[in-house]
Amino acid sequence: MIPVRDDLRALEGYHSPQVDVRVRLNTNESPVPPPAAWRDAFAAELSRVEWHRYPDRSASALRAAIAAWHGVDPAQVFAANGSNEVLQTVLLTYAGPGRTVATFEPTYQLHGHIARITGATVVEGERAADFTLDPDEVRRVVESARPHVTFLCSPNNPTGVVEPPERLDELVALAPGLVVVDEAYAQFADWSALDRVDDDVPMAVVRTFSKTWSMAASRLGYLVGPRWLVAELEKVVLPYHLDAAKQIAGRLALDFVDDMDDRVAGIVAERARISDAMAGLDVEVFPSGANFVLIRPRSMGGHDLWQALLDRDVLVRDCSSWPRLDDCLRVTVGTPDENDAFLTALAGALSEVHA
Ligand code: PMP
């Protein structure tokens, strides 16, 4: 075996176990596929692709469609293979050896993970016990670490917490570097940082087609930010990184905004329904602005509950061994039937402990 880079020796991969079960509520995907009309339009356009040619390197039609939807200039939009590749490109450009990246934990693991892979130092700020951000801690971290990149994930994964707009404004005013607002779940919440994007503000918003758009399989995400930032990212990302099929898939998805809005409204309603139902059970339920809910059983271990749910054919995300998330499980909102199955399994698992 050939040794890897010294700084990567202790690195662990990012894992999300995929188990074959009837009800899969562990990866925050949409529980339903995109509309059939989208699939037909996609298939028709695919048949006309010139496969012997490289795709449009600047993904102009896709970026124009995203820009039109958000009311921004296409030069403010950077698209990549999932928002993970957007995050990676930002970090390759602005992090790296000798630079510092700040996160507020617990949060999306890949922010710190990718930053470390680029060779940057990651400074982890702490959240309060209810997982909200404490303005004093934000100030302490930003003033002491002077980060080149600071992440704010809102709604936060895996806690579901939505940061109030004031917290972002404070952070942007304080941070010496770039502020990246990860909005993978923002369409399930009641506000977005998108209207704060401005060429004079070193802040960018990252979004994905994997959740609200029901297109996790196509691996497409994007950033809306200052023009100068997008221009720098374009220099760093690989040429032709977005294949022709993905560019078509994303552009056509934006013809179905109403369907997407309906799906989001359905999930938000189901989120309220399962949260209310769980409030009557022996679990702590954290308020969520996303398409998932974080819970913590009061009278049994989190991992034991995860196993008891799996025994009942329901897979949720086991966060119980993650730092700062003792005994917590994250449950993706599914279809009404899936959510009923989850609630039945949860009630059964919890009552078994009391029996
Ligand atoms: N950001 C957050 C907060 C996420 O939870 C996820 C998906 N788990 C991503 C980014 C990455 O999404 P994708 O690469 O599928 O766009």
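N26 sits in the loop between β1 (23-25) and α1; helices (H or I, at least four residues) and strands (E, at least two) are DSSP runs, numbered from the N terminus. This is a predicted model, where local features need pLDDT of at least 70, side-chain atom pairs count only at pLDDT 80 or more, and totals for chains, interfaces and linings use all residues. Residues are numbered from 1 along each chain as its sequence is written, and side-chain values use heavy atoms, with hydrogens and water left out.

Leaving aside residues up to four places away in sequence, N26 touches P17, L315, V316, R317, R330 and T332, contact being heavy atoms within 4.5 Å.

| Helix | Residues | Residues in the contact |
|---|---|---|
| α1 | 36-46 | W38, A41, F42, E45 and L46 |
| α8 | 244-253 | A245, I248, A249, R251, L252 and A253 |

The α1 and α8 axes lie 10 Å apart at an angle of about 145 degrees; axes are lines fitted to C-alpha atoms, for helices over the stretch in contact, and angles run from 0 to 180 degrees between N-to-C directions.

On to the strands. Strand β2 (residues 77-80) is covered on both faces, with V77 and A79 buried on one side and F78 and A80 buried on the other. β2 runs antiparallel to strand β8 (residues 221-224), joined by four bridges (strands pair if DSSP finds at least two bridges between them). Opposite A79 stands Y222 of β8.

Notes
Buried means under 20% relative accessible area, exposed over 50%, partly exposed in between (1.4 Å probe, protein chains only).
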